[in-house]
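Hi everyone, thanks for making time this morning. Let me put the structure up, and we'll walk through a few packing details together.

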Amino acid sequence: MTPDAGPGSPQVVASDADIIARVVAGDTEAFSILVDRYGNRAARYATRMLGDRAEAEEAVQDTFVRAYRALSRCADRDRFGHWLFSILINRCRTAGARSGRRARTFVRDETALVAAAAPDAFDGVAWREEIAHALARLEMSQREAFLLKHVEQLSYEEMAAVTGAGISALKMRVKRATDQLRMLLHEAYSA
Amino acid sequence: MPEWVDVLGEDLRAPVELSSLTTARIMAAIRADRARRLRRTRTWQVLVAAAVVVLAVGLAVRTRQADGTAVQFVLPVPAAHEVVVVGDFNHWDTRATPLRRTPSGTWQTTVRLKPGAHVYSFVVDGNRWVPDPAAPLAPGSDFGAPNSLVTVAPGTT
């Protein structure tokens, strides 16, 4: 799990382990560097996973606070990103189970709605909504596996580490998710 | 030609920016968490420090009580070869508390006694029981000879 790439000239940046050491030693403000590094990526995963921007923001907030509280127990500080994602994945599972009971299916992405105001952006927004709609119809474990593989681009080994699932089970979930998405999106555009 | 799933993945990789409000909330939550932890730590530190003081004072008092008060026994018998003091504080053991002879011929030793009344006697040259000429006699007489009495008041050192 790598941090969000930022603009600007190359600079020597503190490693995650260095920042964690500062935070654990009492420099609470240094934690904001980790939020800046991983916040957008976490927000993207949670948004795609939960299909609701507000719920995703809440899940990410909760994830970072939990990570802060457990920071001294982070065994491999240079792999903070993976560790954070394992917390986020669990948090999204809980939130997903809740929202699943409420049968939520559509993304409410404010950015997408603003973009939709421009007429030429409509097709793009509609396509994104179809994707979100199709994603929301996947089983949670399949959606999780698909996003980690094809959006977060983790290897199966990395996925196994952050989800706690076996590699063959993950491959099966990705395959089923892919087949399902192909079918749902085909239906949507042939309708 | 990329597979459709790659195109889909690329679409879904479109950036999602964490709102600045959420970032601010995260930092506010962890600042509050840290302040809470510090308060808890300080409370524990104060409690532990107080417990240490109470234990230390208790230990000092107990040690002082266990050590007792230093009482000097003196017997002026320059011609003696050996003098010991026996009493309830050493279970009347004639080997437990020998006295030392000073150059002036006086025999003396110091024993720490707990508060209360103690009955004792000197034994000169192994068989002669001699009461302390400087102390009152104890009521009754153990071992067939008059004994002396020393009283240690509580709180003296």
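Let's start with V60(A): which residues is V60(A) in contact with, once neighbours within four places in sequence are left aside? From chain A there are G39(A), A42(A), A43(A), A46(A) and L88(A), and from chain B there are L18(B) and T22(B). Contact here means C-beta atoms, placed from the backbone, within 7 Å.

Before going on: this is a predicted model, where local features need pLDDT of at least 70 and side-chain atom pairs count only at 80 or more, while totals for chains, interfaces and linings use all residues. Residues are numbered from 1 along each chain as its sequence is written, with chains lettered from A and ligands numbered from 1 in the order in which they are written.

V60(A) also belongs to the largest nonpolar core, which has 51 residues. A core is a set of buried Ala, Val, Leu, Ile, Met, Phe, Trp, Tyr and Cys joined through C-beta atoms within 7 Å; buried means 20 or more other C-beta atoms within 10 Å of a residue's own. V60(A) is among those with the most contacts inside this core, along with A42(A), A46(A), L84(A) and L88(A). Helix α2 of chain A, residues 31-50, brings the largest share, ten residues. Helices, by the way, are DSSP runs of H or I, at least four residues, numbered from the N terminus.

Now, the chain pairing: 24 residues of chain A are in contact with 21 of chain B. Here α2(A) gives the most to chain A's side, with ten residues. Helices α3, α6, α7 and α9 of chain A each supply at least two.

Note on methods. Buried ≥ 20, exposed ≤ 12 C-beta atoms within 10 Å, placed from the backbone. Contact = placed C-beta atoms within 7 Å.
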